[in-house]
Amino acid sequence: MINNSRSNEKLPLMEAFYTIQGEGFYTGHAAYFIRLAGCDVGCHWCDVKESWNENLHPTIAIDEIVAQAEKHGKLVVITGGEPLMWNLDALTSQLKQKGIQTNMETSGAYELSGFWDWICLSPKKTKLPTQSVYDAANELKCIIYNKHDFTFAEEQAARVNKAAKLYLQVEWSKKDEMLPVLIEYVKNNPKWAISTQTHKYLDIP
Ligand code: SF4
């Protein structure tokens with residue numbers, strides 16, 4: 001069920017936890033992750049497939065989600081699933097009222113909602129981003145699973161706003177094969193930087 005047209009009082013929540021952001025521009029920063037349930041993008045290599053069916057997860061009052069976030073620092077990362085399946089105006093405005101920074105990780109497959117300090121757009125071939133997310137993204141993070149993904153990444157870089165920082169990140173299960181290729185690619189195309197899943201190397205959730 002897509003509910004992107006109005007503010008919600010409750011949202012389907014798969015999990016929330018305080019950890020270190022392992023990827024992209026905010027790598028190394030302590031952050032409280034709010035993983036919303038629901039995703040119909042269908043990446044075959046997805047490592048959170050248990051998030052896809054929102055009906056398998058409880059719906060939690062936004063007040064309660066924000067109250068828990070308040071106990072865990074000043075930076076929240078809202079992720080999924082695909083968080084933009086839900087209207088995020090109410091959640092993000094309440095977080096901001098508490099002085100909490102709002103970051104999001106999204107495939108961009110739905111129209112933008114919410115009030116954001118930082119948007120990481122990680123586009124997927126199966127359901128391309130909306131223009132609203134290309135325009136607002138602060139960071140473009142493209143996942144490299146095979147060599148064709150470099151072509152896709154360049155197409156996405158041409159569509160995102162010019163201020164967005166550009167990252168390439170190897171898909172974890174392909175790192176032995178593709179990381180050397182990625183390193184050479186970035187050396188030859190230095191507008192990109194490498195994002196590594198440092199939390200996996202550090203063995204933190
Ligand atoms: S968009 Fe994210 S949660 Fe959805 S299938 Fe792809 S990797 Fe998984």
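Visitor: Which residues have the most contacts inside the largest nonpolar core?
Guide: Start with the general idea. Nonpolar side chains tend to be buried together in soluble globular proteins. Now the case here, in a predicted model. The largest nonpolar core has 49 residues. Leu88, Leu91, Leu168 and Trp192 have the most contacts inside it. Another core, of seven residues, lies apart from it; Ala31, Phe33, Leu75 and Val77 are among them.

Visitor: What does Leu88 touch?
Guide: Leave out residues up to four places away in sequence, and Leu88 touches Leu11, Leu36, Pro83, Met104, Ser113, Gly114 and Trp116.

Visitor: How do I read the sheet? In what order do the nine strands come?
Guide: Strands of a sheet pair through backbone hydrogen bonds, either parallel or antiparallel. Here the sheet is open, and its order is β3-β1-β2-β4-β5-β6-β7-β8-β9, with mixed pairing. The edge strands, β3 (59-61) and β9 (193-194), each pair on one side only. Ile78 stands opposite Met104 in β5.

Visitor: Which strands does helix α4 lie across?
Guide: Helix α4 (residues 148-159) lies across β7 (139-144) and β8 (165-170), at about 165° to β7. Helix α5 (residues 175-188) also packs on the sheet. Helix α5 touches β7, β8 and β9, and makes about 150° with the direction of β8.

Visitor: How many disulfides does the structure hold?
Guide: A disulfide is a covalent bond between the sulfur atoms of two cysteines. This structure holds zero. Look at Cys142. The closest cysteine sulfur, in Cys120, is 9.3 Å from its own, so the two are too far for a bond.

Visitor: Is Cys142 buried or exposed?
Guide: Cys142 is buried, at 2% relative accessibility. Cys39 is buried too, with a relative accessible area of 16%.

Key:
Residues are numbered from 1 along each chain as its sequence is written. This is a predicted model: local features need pLDDT of at least 70, side-chain atom pairs count only at pLDDT 80 or more; totals for chains, interfaces and linings use all residues. Side-chain values use heavy atoms; hydrogens and water are left out. A disulfide is a pair of cysteine sulfur atoms within 2.5 Å. Buried means under 20% relative accessible area, exposed over 50%, partly exposed in between (1.4 Å probe, protein chains only). A nonpolar core is a set of buried Ala, Val, Leu, Ile, Met, Phe, Trp, Tyr and Cys residues joined through side-chain atoms within 4.5 Å. Contact means heavy atoms within 4.5 Å. Two strands pair if DSSP finds at least two bridges between them. Helices (H or I, at least four residues) and strands (E, at least two) are DSSP runs, numbered from the N terminus. Axes are lines fitted to C-alpha atoms, for helices over the stretch in contact, and angles run from 0 to 180 degrees between N-to-C directions.
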